[in-house]
Amino acid sequence: MGEYENIKRGEKGAWVSIIAYLVLAAVKLIVAAIGNSEALRADGLNNTTDVIASIAVLIGLKISRKPPDEDHHYGHFRAETIASLVAAFIMVTVGIEVIIGTIEGIIQGQTSEPSMLTGWTAILAALFMFGVYRYNLNLSAQVKSQALYAAAQDNRSDALVSIGAAAGIFGAQLGVYWLDPLAGLIVGLIICKTAWDIFREASHTLSDGFNKVEVNDIRHVIASHPSVLTVDDVKARLQGNQIFVDATINIDPNLTIQEGHDITDEVEDLLKQEMKIYYAHIHIEPYEEQ
(Lines give C-alpha, C1' and ligand atoms only; values in the text may rest on other atoms or scores of the structure.)
Protein backbone atom coordinates (compact mmCIF):
# COMPACT_ATOMS: atom_id res chain seq x y z
CA MET A 1 0.00 0.00 0.00
CA GLY A 2 1.06 3.60 -0.59
CA GLU A 3 1.35 4.50 3.09
CA TYR A 4 3.97 1.80 3.68
CA GLU A 5 6.02 3.07 0.76
CA ASN A 6 5.82 6.60 2.19
CA ILE A 7 7.14 5.39 5.55
CA LYS A 8 10.05 3.70 3.78
CA ARG A 9 10.83 6.97 2.00
CA GLY A 10 10.75 8.73 5.37
CA GLU A 11 13.56 6.48 6.62
CA LYS A 12 15.92 8.31 4.23
CA GLY A 13 15.41 11.49 6.24
CA ALA A 14 16.26 9.71 9.48
CA TRP A 15 19.48 8.38 7.92
CA VAL A 16 20.41 11.87 6.69
CA SER A 17 19.96 13.21 10.24
CA ILE A 18 21.99 10.39 11.81
CA ILE A 19 24.95 10.86 9.47
CA ALA A 20 24.83 14.67 9.80
CA TYR A 21 24.73 14.53 13.60
CA LEU A 22 27.55 11.99 13.85
CA VAL A 23 29.84 14.20 11.78
CA LEU A 24 28.86 17.45 13.52
CA ALA A 25 29.05 16.02 17.05
CA ALA A 26 32.58 14.72 16.46
CA VAL A 27 33.79 17.94 14.85
CA LYS A 28 32.22 20.24 17.46
CA LEU A 29 33.46 18.31 20.50
CA ILE A 30 37.01 18.12 19.11
CA VAL A 31 37.11 21.80 18.11
CA ALA A 32 35.50 22.84 21.44
CA ALA A 33 38.22 21.00 23.36
CA ILE A 34 40.95 22.59 21.23
CA GLY A 35 39.39 26.06 21.17
CA ASN A 36 38.12 26.08 24.77
CA SER A 37 34.44 26.91 24.13
CA GLU A 38 31.67 25.90 26.53
CA ALA A 39 28.99 26.97 24.04
CA LEU A 40 30.37 24.77 21.24
CA ARG A 41 30.81 21.90 23.69
CA ALA A 42 27.14 22.18 24.70
CA ASP A 43 26.20 22.29 21.03
CA GLY A 44 28.26 19.15 20.36
CA LEU A 45 26.63 17.31 23.27
CA ASN A 46 23.25 18.32 21.86
CA ASN A 47 24.19 16.66 18.57
CA THR A 48 25.21 13.43 20.31
CA THR A 49 21.71 13.15 21.77
CA ASP A 50 20.28 13.96 18.36
CA VAL A 51 22.05 10.87 17.00
CA ILE A 52 20.22 8.72 19.55
CA ALA A 53 16.93 10.51 18.92
CA SER A 54 17.28 10.05 15.15
CA ILE A 55 18.01 6.35 15.64
CA ALA A 56 14.82 6.12 17.73
CA VAL A 57 12.90 7.78 14.89
CA LEU A 58 14.43 5.36 12.37
CA ILE A 59 13.48 2.34 14.49
CA GLY A 60 9.95 3.72 14.92
CA LEU A 61 9.58 4.16 11.16
CA LYS A 62 10.80 0.63 10.50
CA ILE A 63 8.36 -0.85 13.03
CA SER A 64 5.55 1.25 11.51
CA ARG A 65 6.06 -0.54 8.19
CA LYS A 66 5.09 -3.89 9.70
CA PRO A 67 1.66 -4.97 8.43
CA PRO A 68 -1.27 -5.76 10.78
CA ASP A 69 -0.99 -9.02 12.71
CA GLU A 70 -3.08 -11.03 15.17
CA ASP A 71 -2.56 -8.61 18.07
CA HIS A 72 -2.12 -5.35 16.09
CA HIS A 73 -5.26 -5.22 13.99
CA TYR A 74 -4.71 -1.59 13.00
CA GLY A 75 -1.07 -2.08 12.08
CA HIS A 76 1.99 -0.66 13.85
CA PHE A 77 1.72 2.97 12.75
CA ARG A 78 1.80 4.35 16.29
CA ALA A 79 5.36 3.10 16.75
CA GLU A 80 6.34 6.25 14.84
CA THR A 81 4.66 8.47 17.45
CA ILE A 82 6.23 6.51 20.30
CA ALA A 83 9.61 7.09 18.64
CA SER A 84 8.95 10.84 18.77
CA LEU A 85 8.17 10.50 22.48
CA VAL A 86 11.42 8.61 23.13
CA ALA A 87 13.35 11.26 21.21
CA ALA A 88 11.79 13.98 23.40
CA PHE A 89 12.84 12.21 26.62
CA ILE A 90 16.41 11.80 25.37
CA MET A 91 16.62 15.45 24.35
CA VAL A 92 15.31 16.83 27.64
CA THR A 93 17.76 14.69 29.64
CA VAL A 94 20.74 16.19 27.84
CA GLY A 95 19.22 19.66 27.87
CA ILE A 96 18.99 19.57 31.66
CA GLU A 97 22.56 18.23 31.88
CA VAL A 98 23.84 21.10 29.74
CA ILE A 99 21.94 23.68 31.83
CA ILE A 100 23.24 22.30 35.14
CA GLY A 101 26.81 22.04 33.86
CA THR A 102 26.80 25.57 32.48
CA ILE A 103 25.30 27.10 35.63
CA GLU A 104 27.91 25.34 37.76
CA GLY A 105 30.64 26.78 35.50
CA ILE A 106 29.22 30.30 35.81
CA ILE A 107 28.93 30.04 39.61
CA GLN A 108 32.50 28.78 39.87
CA GLY A 109 33.68 31.62 37.64
CA GLN A 110 34.98 29.36 34.87
CA THR A 111 35.16 31.91 32.07
CA SER A 112 37.75 31.97 29.29
CA GLU A 113 38.25 33.29 25.78
CA PRO A 114 37.38 30.70 23.11
CA SER A 115 39.27 30.70 19.82
CA MET A 116 37.87 32.08 16.56
CA LEU A 117 37.99 28.55 15.12
CA THR A 118 35.14 27.53 17.43
CA GLY A 119 32.99 30.43 16.23
CA TRP A 120 33.43 29.68 12.54
CA THR A 121 32.80 26.00 13.23
CA ALA A 122 29.46 26.91 14.80
CA ILE A 123 28.50 29.13 11.82
CA LEU A 124 29.30 26.42 9.25
CA ALA A 125 27.43 23.82 11.34
CA ALA A 126 24.35 26.10 11.44
CA LEU A 127 24.32 26.44 7.65
CA PHE A 128 24.74 22.70 7.20
CA MET A 129 21.94 21.87 9.65
CA PHE A 130 19.59 24.36 8.02
CA GLY A 131 20.06 22.44 4.76
CA VAL A 132 19.23 19.16 6.56
CA TYR A 133 16.18 20.84 8.11
CA ARG A 134 14.83 21.93 4.72
CA TYR A 135 15.36 18.43 3.28
CA ASN A 136 13.56 16.66 6.15
CA LEU A 137 10.78 19.24 6.31
CA ASN A 138 9.97 18.78 2.63
CA LEU A 139 10.21 15.00 2.91
CA SER A 140 7.97 14.90 6.02
CA ALA A 141 5.32 16.89 4.13
CA GLN A 142 5.50 14.49 1.17
CA VAL A 143 5.20 11.31 3.26
CA LYS A 144 3.07 12.87 6.05
CA SER A 145 5.36 11.59 8.78
CA GLN A 146 4.94 13.02 12.29
CA ALA A 147 8.22 11.52 13.49
CA LEU A 148 10.15 12.94 10.54
CA TYR A 149 8.48 16.34 11.06
CA ALA A 150 9.65 16.23 14.70
CA ALA A 151 13.15 15.38 13.45
CA ALA A 152 13.01 18.35 11.07
CA GLN A 153 12.04 20.70 13.92
CA ASP A 154 14.98 19.30 15.88
CA ASN A 155 17.21 20.02 12.89
CA ARG A 156 16.03 23.64 12.84
CA SER A 157 16.58 24.00 16.59
CA ASP A 158 20.11 22.70 16.14
CA ALA A 159 20.79 25.30 13.45
CA LEU A 160 19.54 28.04 15.80
CA VAL A 161 21.55 26.57 18.67
CA SER A 162 24.73 26.77 16.59
CA ILE A 163 23.98 30.40 15.68
CA GLY A 164 23.50 31.19 19.37
CA ALA A 165 26.75 29.42 20.22
CA ALA A 166 28.57 31.44 17.54
CA ALA A 167 27.15 34.70 18.94
CA GLY A 168 28.41 33.82 22.39
CA ILE A 169 31.83 32.86 21.09
CA PHE A 170 32.28 36.02 19.03
CA GLY A 171 31.04 38.07 21.99
CA ALA A 172 33.72 36.48 24.16
CA GLN A 173 36.28 37.46 21.51
CA LEU A 174 35.32 41.08 22.18
CA GLY A 175 36.14 40.62 25.86
CA VAL A 176 32.66 39.79 27.13
CA TYR A 177 33.75 36.37 28.37
CA TRP A 178 30.51 35.54 30.15
CA LEU A 179 28.70 35.45 26.79
CA ASP A 180 30.19 32.03 25.94
CA PRO A 181 28.81 30.20 29.02
CA LEU A 182 25.57 32.20 28.69
CA ALA A 183 25.23 30.90 25.13
CA GLY A 184 25.75 27.38 26.52
CA LEU A 185 22.91 27.99 28.99
CA ILE A 186 20.62 29.23 26.20
CA VAL A 187 21.52 26.13 24.17
CA GLY A 188 20.32 23.94 27.04
CA LEU A 189 17.06 25.86 27.31
CA ILE A 190 16.42 25.57 23.55
CA ILE A 191 17.03 21.80 23.73
CA CYS A 192 14.45 21.50 26.54
CA LYS A 193 11.94 23.71 24.69
CA THR A 194 12.24 21.60 21.53
CA ALA A 195 11.84 18.41 23.59
CA TRP A 196 8.70 19.80 25.22
CA ASP A 197 7.15 20.71 21.85
CA ILE A 198 7.80 17.21 20.49
CA PHE A 199 6.49 15.58 23.69
CA ARG A 200 3.31 17.69 23.65
CA GLU A 201 2.53 16.84 20.02
CA ALA A 202 3.27 13.12 20.47
CA SER A 203 1.23 12.81 23.69
CA HIS A 204 -1.66 14.69 22.06
CA THR A 205 -1.64 12.18 19.20
CA LEU A 206 -1.34 9.13 21.46
CA SER A 207 -4.34 10.34 23.47
CA ASP A 208 -6.36 10.52 20.22
CA GLY A 209 -6.24 14.29 19.95
CA PHE A 210 -6.95 15.62 16.47
CA ASN A 211 -6.99 19.01 14.77
CA LYS A 212 -10.52 20.53 14.66
CA VAL A 213 -9.89 22.24 11.33
CA GLU A 214 -8.97 18.94 9.70
CA VAL A 215 -12.12 17.31 11.11
CA ASN A 216 -14.19 20.05 9.46
CA ASP A 217 -12.32 19.50 6.18
CA ILE A 218 -13.14 15.78 6.35
CA ARG A 219 -16.78 16.60 7.07
CA HIS A 220 -16.97 18.89 4.02
CA VAL A 221 -15.46 16.24 1.74
CA ILE A 222 -17.98 13.63 2.94
CA ALA A 223 -20.86 16.07 2.60
CA SER A 224 -19.84 16.83 -0.99
CA HIS A 225 -21.09 13.40 -2.12
CA PRO A 226 -24.47 13.95 -3.83
CA SER A 227 -26.18 11.03 -2.04
CA VAL A 228 -25.13 12.19 1.43
CA LEU A 229 -28.04 14.24 2.76
CA THR A 230 -26.46 15.15 6.12
CA VAL A 231 -23.34 14.24 8.07
CA ASP A 232 -24.27 13.29 11.62
CA ASP A 233 -20.88 12.74 13.16
CA VAL A 234 -17.19 12.65 12.22
CA LYS A 235 -14.38 11.36 14.45
CA ALA A 236 -10.72 11.11 13.48
CA ARG A 237 -7.48 10.02 15.08
CA LEU A 238 -3.89 9.57 14.02
CA GLN A 239 -2.04 6.26 13.83
CA GLY A 240 1.50 7.37 13.07
CA ASN A 241 1.21 9.14 9.73
CA GLN A 242 -2.21 7.67 8.93
CA ILE A 243 -5.61 9.24 9.61
CA PHE A 244 -8.38 6.90 10.77
CA VAL A 245 -11.92 8.21 10.31
CA ASP A 246 -15.29 7.10 11.72
CA ALA A 247 -18.31 8.91 10.30
CA THR A 248 -22.10 8.62 10.38
CA ILE A 249 -24.03 9.85 7.35
CA ASN A 250 -27.74 10.11 6.56
CA ILE A 251 -29.04 8.89 3.19
CA ASP A 252 -32.39 8.37 1.49
CA PRO A 253 -34.25 5.68 3.52
CA ASN A 254 -35.80 4.29 0.35
CA LEU A 255 -32.47 3.11 -1.03
CA THR A 256 -31.60 -0.59 -0.96
CA ILE A 257 -28.88 -2.05 1.24
CA GLN A 258 -26.70 -2.51 -1.84
CA GLU A 259 -27.17 1.12 -2.85
CA GLY A 260 -26.27 2.25 0.67
CA HIS A 261 -23.18 0.05 0.59
CA ASP A 262 -22.14 1.55 -2.74
CA ILE A 263 -22.46 5.04 -1.28
CA THR A 264 -20.13 4.20 1.62
CA ASP A 265 -17.59 2.81 -0.84
CA GLU A 266 -17.81 5.98 -2.91
CA VAL A 267 -17.37 8.20 0.17
CA GLU A 268 -14.30 6.19 1.21
CA ASP A 269 -12.86 6.56 -2.32
CA LEU A 270 -13.57 10.29 -2.14
CA LEU A 271 -11.58 10.59 1.10
CA LYS A 272 -8.69 8.71 -0.49
CA GLN A 273 -8.64 10.97 -3.54
CA GLU A 274 -9.18 14.30 -1.78
CA MET A 275 -7.34 13.83 1.53
CA LYS A 276 -5.21 10.66 1.18
CA ILE A 277 -7.24 8.99 3.96
CA TYR A 278 -7.00 5.24 3.46
CA TYR A 279 -8.80 4.09 6.62
CA ALA A 280 -12.43 5.19 6.95
CA HIS A 281 -15.44 3.50 8.48
CA ILE A 282 -18.67 5.03 7.18
CA HIS A 283 -21.92 4.17 8.98
CA ILE A 284 -25.23 4.93 7.25
CA GLU A 285 -28.51 6.01 8.86
CA PRO A 286 -31.88 6.74 7.20
CA TYR A 287 -32.52 10.45 6.74
CA GLU A 288 -35.48 11.81 8.68
CA GLU A 289 -37.08 15.21 8.17
CA GLN A 290 -36.80 17.41 11.24
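Colleague: A helix here is a DSSP run (H or I) of at least four residues, and helices are numbered from the N terminus. Which residue follows α4?

Modeller: In this predicted model, α4 is followed by K144. The phi of K144 is positive, near 55 degrees.

Colleague: How many residues does α4 have, and how far does the helix reach?

Modeller: Helix α4 covers residues 116-143, which gives 28 residues. From its first C-alpha to its last it reaches 41 Å, close to the 40 Å expected at 1.5 Å a residue.

Colleague: Turning to charged pairs, how many salt bridges does a search of the whole structure find?

Modeller: The search finds seven salt bridges. One of them pairs the side chains of K28 and D43, at 3.1 Å from N to O.

Colleague: Is K28 buried or exposed? And what about D43: buried or exposed?

Modeller: K28 is buried, because its relative accessibility is 1% and the cut-off for buried is under 20%. D43 also counts as buried, with a relative accessibility of 0%.

Colleague: Which residue does K235 meet in a salt bridge?

Modeller: The side chain of K235 meets that of D233, at 2.4 Å from N to O. D233 counts as partly exposed, at 28% relative accessibility.

Colleague: And which residue is the partner of D246?

Modeller: D246 forms a salt bridge with R237, with 3.4 Å between N and O. D246 is partly exposed, with a relative accessible area of 32%, whereas R237 counts as buried at 19%.

Colleague: A change of topic: where is T205 found?

Modeller: T205 is found in helix α6, which spans residues 179-206.

Colleague: Is T205 buried or exposed, and which residues does T205 touch?

Modeller: T205 counts as buried, with a relative accessibility of 1%. Leaving aside residues up to four places away in sequence, T205 touches R78, T81, Q146 and L238.

Conventions: Residues numbered from 1 in each chain as written. Predicted model: local features only at pLDDT ≥ 70, side-chain atom pairs only at ≥ 80, totals over all residues. Heavy atoms only, no water. Salt bridge = Lys/Arg side-chain N within 4 Å of Asp/Glu carboxyl O. Buried < 20%, exposed > 50% of the residue type's maximum accessible area, 1.4 Å probe, protein only. Helix = DSSP H or I, 4+ residues; strand = E, 2+ residues; numbered from the N terminus. Contact = heavy atoms within 4.5 Å. Expected span 1.5 Å × (residues − 1).
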